[in-house]
Structures are given as structure tokens and as C-alpha cells.
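This report describes the aromatic side chains of one protein structure and their surroundings. The sequence and the model are shown first.

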Amino acid sequence: MFHTHIAVQTADFDVSEELRLLRAADARIGAVCSFVGTVRDRNDGSSVASMELEHYPGMTEKSIAEMVEAARQRFDIYGARVIHRVGLLAPQDQIVLVAVSSAHRGESFTACEFLMDYLKTQAPFWKKEDTPGGARWVDARVADDAAMARWN
């Protein structure tokens, strides 16, 4: 049985609780890998006062669900939890959680990285930073695109 949870939300999340829920009632699990992304106070040489994230409701969740299914088919994993925040966020706020469970660490690490690379480059989110020079939209970095390309 594969356990999945996908949420796009304004509210913060509790990493410990999310990992507990991922592991709940599945004695097959021997490994859990997680990644938490946070808002930095600097980007591209400028200070960042805040970041605002937007998404396309319904389409974003469907897109993430399709990528979780692709990870399930590609890697020997038992479950995944993906939470991505939207709205106005400040430096040090949590933005994203990707957590993956499996029997062994290798599959969890790889699937977690695969899902994070997807979220950074393909998921329909739009990010706008508030900097001293004004607001600016953030594009995926070349390094993010290169990271995603290796999965094809």
C-alpha cells in the first residue's frame, strides 16, 4: 500500500508531526528522508524582506500528485508527503516539505531529491521577492534545470 499526502497551504507545518504521519502504521518502513526548504534573506546579491508564492489551485496539486506517482513507479518507496506553502512568507519561514519513506535509505534519498528537483523547476508556482530595489519575480536557476534534466 502506498501512502501519499499532498497539500498546498498558507499555514505552516510541523515537520515532526508530518514525519510521524508518514511512518504511522507501516512497519515495512526502514528509512525516511525529508527535505525542508526555507526562505532566505538574500538572493542574487540582494536582501530579501519577504517572498510571496502563488499557485494555480487544483492544477498545482494535480501536477504534484502526478510527479509523486512518477516517483512511486521509478523508485521502491512506500509513501510520500509533499507540503508547499503559498502566500506571504518572511526569511526563515518554512516553504516546502518533501518526505519519502522506503525500506532502505537509498530509495528514500533518491526519490526525495527527484521530487524536490521537480518542485523547483516544473511545479506551477510563482515566486515574487520584495527587495530594496522593488519586487521581482524569481525564475528557476540554471542549476535547478540541470538537476531536473538528469532524471530524463
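Rings of Phe, Tyr and Trp, the last by its six-membered ring, count as a pair if their centres lie within 6.5 Å. The model examined here is predicted.

## The aromatic pair

A search of the whole structure finds 1 aromatic pair. Its members are F75 and F114, whose ring centres are 5.5 Å apart and whose planes meet at 70 degrees, so the pair is edge-to-face. Planes over 60 degrees apart fall in that class.

F75 belongs to the loop between α2 and β6 (77-85), whereas F114 is part of helix α3 (residues 105-121); the pair therefore ties together parts that are 39 residues apart in sequence. Both residues can also be described by their accessibility. F75 counts as buried because its relative accessibility is 10%, and F114 is likewise buried, with a relative accessible area of 3%.

## Charges over rings

Two arginine side chains are placed over aromatic rings. The charged end of R28 sits over the ring of Y78, at 3.8 Å from the ring centre. For R72, the charged end sits over the ring of F2, and the distance to the centre is 6.0 Å.

## The nonpolar surface patch

On the surface, Y56, M59, W126 and W137 form a nonpolar patch, and together they have about 470 Å² of accessible area. Y56, one of these residues, is located in the loop between β5 (50-55) and α2 (59-74). With a relative accessible area of 49%, Y56 is partly exposed.

Technical notes. Residues numbered from 1 in each chain as written. Predicted model: local features only at pLDDT ≥ 70, side-chain atom pairs only at ≥ 80, totals over all residues. Heavy atoms only, no water. Patch = residues over 30% accessible without salt bridge, like charges linked within 9 Å, V, L, I, M, F, W, Y side chains within 5 Å. Areas by Shrake-Rupley, 256 points an atom, 1.4 Å probe, with all protein chains shown as cover. Salt bridge = Lys/Arg side-chain N within 4 Å of Asp/Glu carboxyl O. Helix = DSSP H or I, 4+ residues; strand = E, 2+ residues; numbered from the N terminus. Buried < 20%, exposed > 50% of the residue type's maximum accessible area, 1.4 Å probe, protein only. Phe/Tyr/Trp six-rings, centres within 6.5 Å; stacked < 30°, edge-to-face > 60°. Lys NZ or Arg CZ within 6 Å of the ring centre and 35° of its normal.
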